[in-house]
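Here is a short briefing on one protein model. Points are grouped by topic.

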Amino acid sequence: MADDYLVRIGKLIRDARHHRGWTQSQLADALGTSQSAVNRIERGNQNISLEMIARIGEALDSEIVSLGYAGPMHLRVVGRRRLSGAIDVKTSKNACVALLCGSLLNKGRTVLRRVARIEEVYRLLEVLHSIGVRTRWINDGTDLEIIPPARLDMDAIDAEAARRTRSIIMFLGPLLHRMDRFRLPYAGGCDLGTRTVEPHMIALRRFGLDITATEGLYHAAVERSVAPDRPIVLTERGDTVTENALLAAARHDGVTVIRNASSNYMVQDLCFFLEALGVRVDGIGTTTLTVHGVPEIDVDVDYSPSEDPVEAMSLLAAAVVTESQLTIRRVPIEFLEIELAVLEEMGLDHDRTPEYTADNGRTRLVDLTVRPSKLEAPIDKIHPMPFPGLNIDNVPFFAAIAAVAQGQTLIHDWVYDNRAIYLTDLNRLGGRLQLLDPHRVLVEGPTRWRAAEMMCPPALRPAVVVLLAMMAAEGTSVLRNVYVINRGYEELAERLNSVGAQIEIFRDI
């Protein structure tokens, strides 16, 4: 391996370690080696095998290099280009992964329309394939057909793919109806600090599911005599917790009441899908869901998930930070009303079409046109709340928007431990963000963005926020190792280029 490659790989490892917040000693402990060896690797002074690179990537949850194909993907961004024209919002990533998990309830053929072709979906498909589910892309690769086997082979599960997605935890709800015992790898996904799975366990115990955790696996056992005898009260109004409880209740032979349920967009899409499977769900859009379960589901179903409000917010933020006029089509307005109300108070100039219905027949859509605006910092802090409040995943985009507004904006991300920290990466691009504590950041605007070369933050939304700031910066920036963006967005660079951005995809290893 040439010396220059060793130096470049060492730099990628060092940057990934910094973003994980680890010292060289912590990485050495995870690898079972010495701190001095890690130091030599990062300086490019030690030969390193592909096996060791893969181990380092797994330890840091970062795609250092990709074995079997051309290396990690990077973006080269030429900034200060105005966007124009119109762009469509893709279907919801979070709805699509919930529906993939929900397809395990059905013994018949499931067709999902316009599924987001993103890394998170690919990881779940790899897991489904490994346990015997047949899937194929149909209609020129637009739609996804899913056909389950008579018996799932959980012993053959692709553990590596499963550990790269937190969505795997939503297999628990449907699997507890299919087998008495099974094992599931620990859930992975974005590095957002400690995110306990205990609320899932509390809800699913009511259906007889008992979990013990050892050596990176959940060991599940189901006691068939146990069933909910009173309403299930979720200890956390979380989206995936609610979805797991819904998936468990769908094939419970009886009526299950779920209280303190999330009423967010992906939960509603899952409820609509369950109704297509023949499961009656009362209270959709509220915090109390009543599920009339059916013990067997064997139907051929065709369902269209709705559009992604977080992607819509991403595109809106792209227009704001680049001072562009852009029309964003197929925006699920009921899940962006609070965000737009805040932006209106900040001075956003925009208009919207009359509402029309998404392909699922239920979700309300509009086309939204954003124009260059002189924004003022909001009087109140920006903070998330459960739906119908400001969406937790939309909070990071307000960091970029606040950076181009006049004045100081306080952003309080009380949900995740690390995400506010990642937002301070904007400082490398000219931002003035002061971290007050792990959950609060103070943003000073307006910002004169400048180009930089940097590693992609290991969390999806902050990574996209950095990309948007690069689009607004004077000069050419480089964003390295954008796997995390590909987890949640389909061909984002190409689509932004279609409305005037200049983003080049490249690989260097």
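Pro-388 sits in the loop between β17 (364-371) and α14 (395-403). A cis peptide bond links Phe-387 to Pro-388, with omega at about 15°. This is a predicted model, in which local features need pLDDT of at least 70, side-chain atom pairs count only at pLDDT 80 or more, and totals for chains, interfaces and linings use all residues. Residues are numbered from 1 along each chain as its sequence is written, and side-chain values use heavy atoms, with hydrogens and water left out.

**Backbone geometry**
- Helices (H or I, at least four residues) and strands (E, at least two) are DSSP runs, numbered from the N terminus.
- Gly-445 and Pro-446 are also joined by a cis peptide bond; omega there is about 0°.
- Pro-446 is placed in the loop between β20 (440-445) and β21 (453-455).
- Arg-114, a residue other than glycine, has a positive phi near 50°.
- The loop between β3 (110-112) and α6 (119-130) holds Arg-114.

**Domains**
- The protein chain divides into domain 1 (3-60), domain 2 (73-90 + 307-507) and domain 3 (93-303); such bounds come from an automatic or database domain assignment.
- Between domain 1 and domain 2, the C-alpha centres are 32 Å apart.
- Five residues from domain 1 and eight residues from domain 2 make the contact (heavy atoms within 4.5 Å).

**Helix packing**
- Helix α2 (residues 24-31) packs on helix α3 (residues 35-42) at an angle of about 105°, and their axes are 8 Å apart.
- That angle makes α2 roughly perpendicular to α3 (65 to 115 degrees; under 35 is roughly parallel, over 145 roughly antiparallel, the rest oblique).
- Axes are lines fitted to C-alpha atoms, for helices over the stretch in contact, and angles run from 0 to 180 degrees between N-to-C directions.
- From α2, Gln-24, Ser-25, Leu-27 and Ala-28 meet Gln-35, Val-38, Asn-39 and Glu-42 of α3.
- By class, this contact of α2 with α3 has three nonpolar, four polar and one charged residues.
- Ala, Val, Leu, Ile, Met, Phe, Trp, Tyr, Cys and Pro count as nonpolar, Asp, Glu, Lys and Arg as charged, and the others, Gly among them, as polar.

**Cavities**
- There are two cavities of 30 Å³ or more (on a 1 Å grid over the protein atoms alone, sets of points where a 1.4 Å probe fits but cannot get out; lining residues have an atom within 4 Å of a point).
- The second largest cavity holds about 50 Å³ of space, a volume being the space filled by probe spheres set on the points, which are joined across faces, edges and corners.
- Its lining includes Tyr-265, Phe-272, Glu-307 and Thr-363.
- Helix α11 (residues 265-276) gives the most to the lining of the second largest cavity, with four residues.
- Domain 2 and domain 3 each supply at least three residues to that lining.

How values were computed:
1 Å grid on protein atoms, 1.4 Å probe; cavity = no way out; pocket = protein on both sides within 12 Å on 5 of 7 lines; lining within 4 Å.
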